[in-house]
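Subject: A structure to look at, with notes

Dear colleague,

I am handing over a structure that I would like you to open beside these notes. Please take your time with it, and read on once you have it in view.

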Amino acid sequence: MNNYQKYRLSQKLKAQSELQEVLLDNIHSSIFWIDNQDRVKGCNSSFCNLLKLSQEEIIGKEICKIFFDLCNLPIKKSLQQLKETEFTFEDKIYRLRSQIFLDNKGENGGIVSIITDITEKKQFEANMQFIVQQSKLSEVGEMLSAIVHQWKNPLVELSAVAHKMMYYDKKKKLTSDNIKEFYNNIMTQTIYMSETIDGFRDFIKPSNKPKTFNVDTGLKEVLMLLSHSLKYSHIELDYVNNSKEYCFAYGYPNEFKQVIVSIINNARDAVVEVKESNPSLTGRIVLTLYKNSDNIELFIEDNGKGVEDEIKDKIFNPFFSTKNSGDGFGLYMAKLIIENKMQGKINILPSEKCTKFCISIPLSESIN
């Protein structure tokens, strides 16, 4: 009876071992485990394919003797310290994750590691950044137009100062007080023009890494760039920050600005279209910012023609546009940036005679 029970138990353990082996071999990621002397104790077929070696050529060997690239100092150190790291092997990008496993005595038996091919993921992220930048270029023309309008007044002012200085000089009336006044005027105008260019440069430059940023500051920078363009279209712009504290979010500040520019430009076009048939209409775009316990909400509302119910579900689709010259990419990219890159939400809210967007992004846990 004892022999029979031992046989049954050995068969059960054998079946479990075979099942585990099948499961490991059907995992796409490469898995291997080493003992405390860095000798390979086991691996799955994906790891064999990665090294182009058989299990007999791998098991029992020191990991550094069969996987040379893994033993580069930074990677080997990450392996030993159980840190997640990325490395390149044969023109592909891999992510390495490690964890300690226990032996049959419950003691440290070594390290088990999982190597995942993330080449396609990295390529997708790179392509996504390229698409975001391409979409941003469609807004650059609008921004340049805004800068032209913003620079007209200071250039006229500088020209007037130059003529006045020359007139005073010819009349021998130029005093030190006059020079100080002219200097202050010139510096005020040039600083304003410099800030405008800095804002435009920050808008174009991609945010390669997420970081904590002040939403209120970002909105004010965008509104400064667009204010003259809206004024030229006879549209009033109101911004209300209902938060009594700073509103810090974690994400991509320049891409967030891109979203705001895209929505405001759409709102401006909608208002201008209505004003063509109703010139007495006072065009208006209102931005309202709220800070909640775990997120920041921004509402952007205009009194344009609104969005019909039957197309509200399509408004964020790629290549869908209600404008004859539109490419249908702006709101699609806005949704991609807010929801995929910043883990937020963007929606168009029900409204009878206007268009109202709601953007919600997570609150930053730190302002550092």
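Predicted model: local features only at pLDDT ≥ 70, side-chain atom pairs only at ≥ 80, totals over all residues.

Helix packing

Two packed helices are described by the angle between their axes and the distance between the axes. Helix α8, which covers residues 215-232, packs against helix α9, residues 253-277, at an angle of about 35°, and their axes are 10 Å apart. In this pair α8 passes α9 in a right-handed crossing. Among the residues that make the contact are Leu 219, Val 222 and Leu 226 of α8, together with Ile 260, Val 261 and Ile 264 of α9. Sorted by class, the contact of α8 with α9 has ten nonpolar, three polar and three charged residues.

Helix α9 also meets helix α10 (residues 330-341), and here the axes come within 9 Å and cross at roughly 145°. This time α9 passes α10 in a left-handed crossing. The residues that meet include Phe 256, Val 259 and Ile 263 in α9, and Leu 331, Ala 334 and Ile 338 in α10. By class, the contact of α9 with α10 has seven nonpolar, four polar and two charged residues.

Aromatic rings

The count comes to ten aromatic pairs. One of them joins Tyr 290 and Phe 299, which are edge-to-face, with 5.8 Å from centre to centre and 85° between the planes. Are the two partners buried or exposed? Tyr 290 counts as partly exposed because its relative accessibility is 34%, whereas Phe 299, at 16% relative accessibility, counts as buried, the cut-off for buried being under 20%.

Elsewhere, ring pairs link Phe 32, Phe 47, Phe 67, Phe 87, Phe 89 and Tyr 94 into a cluster. Charged side chains also sit over rings: the charged end of Lys 173 is over the ring of Tyr 168, 5.5 Å from its centre, and Lys 341 lies over the face of Tyr 252, at 4.2 Å from the ring centre.

A residue in a strand

Val 112 is found in strand β5, which runs over residues 108-117, and with a relative accessibility of 25% Val 112 counts as partly exposed. Which residues does Val 112 contact, leaving aside its neighbours within four places in sequence? They are Ile 31, Phe 32, Trp 33, Arg 97, Ser 98, Gln 99 and Phe 101. Val 112 and Lys 41 are 71 residues apart along the chain, and their C-alpha atoms are separated by 9.5 Å.

Terms used:
Residues numbered from 1 in each chain as written. Heavy atoms only, no water. Axes fitted to C-alpha atoms, helices over the stretch in contact; angles between N-to-C directions. Helix = DSSP H or I, 4+ residues; strand = E, 2+ residues; numbered from the N terminus. Left-handed = near helix turned anticlockwise from the far one by under 90°. Contact = heavy atoms within 4.5 Å. Nonpolar A, V, L, I, M, F, W, Y, C, P; charged D, E, K, R; others polar. Phe/Tyr/Trp six-rings, centres within 6.5 Å; stacked < 30°, edge-to-face > 60°. Buried < 20%, exposed > 50% of the residue type's maximum accessible area, 1.4 Å probe, protein only. Lys NZ or Arg CZ within 6 Å of the ring centre and 35° of its normal.
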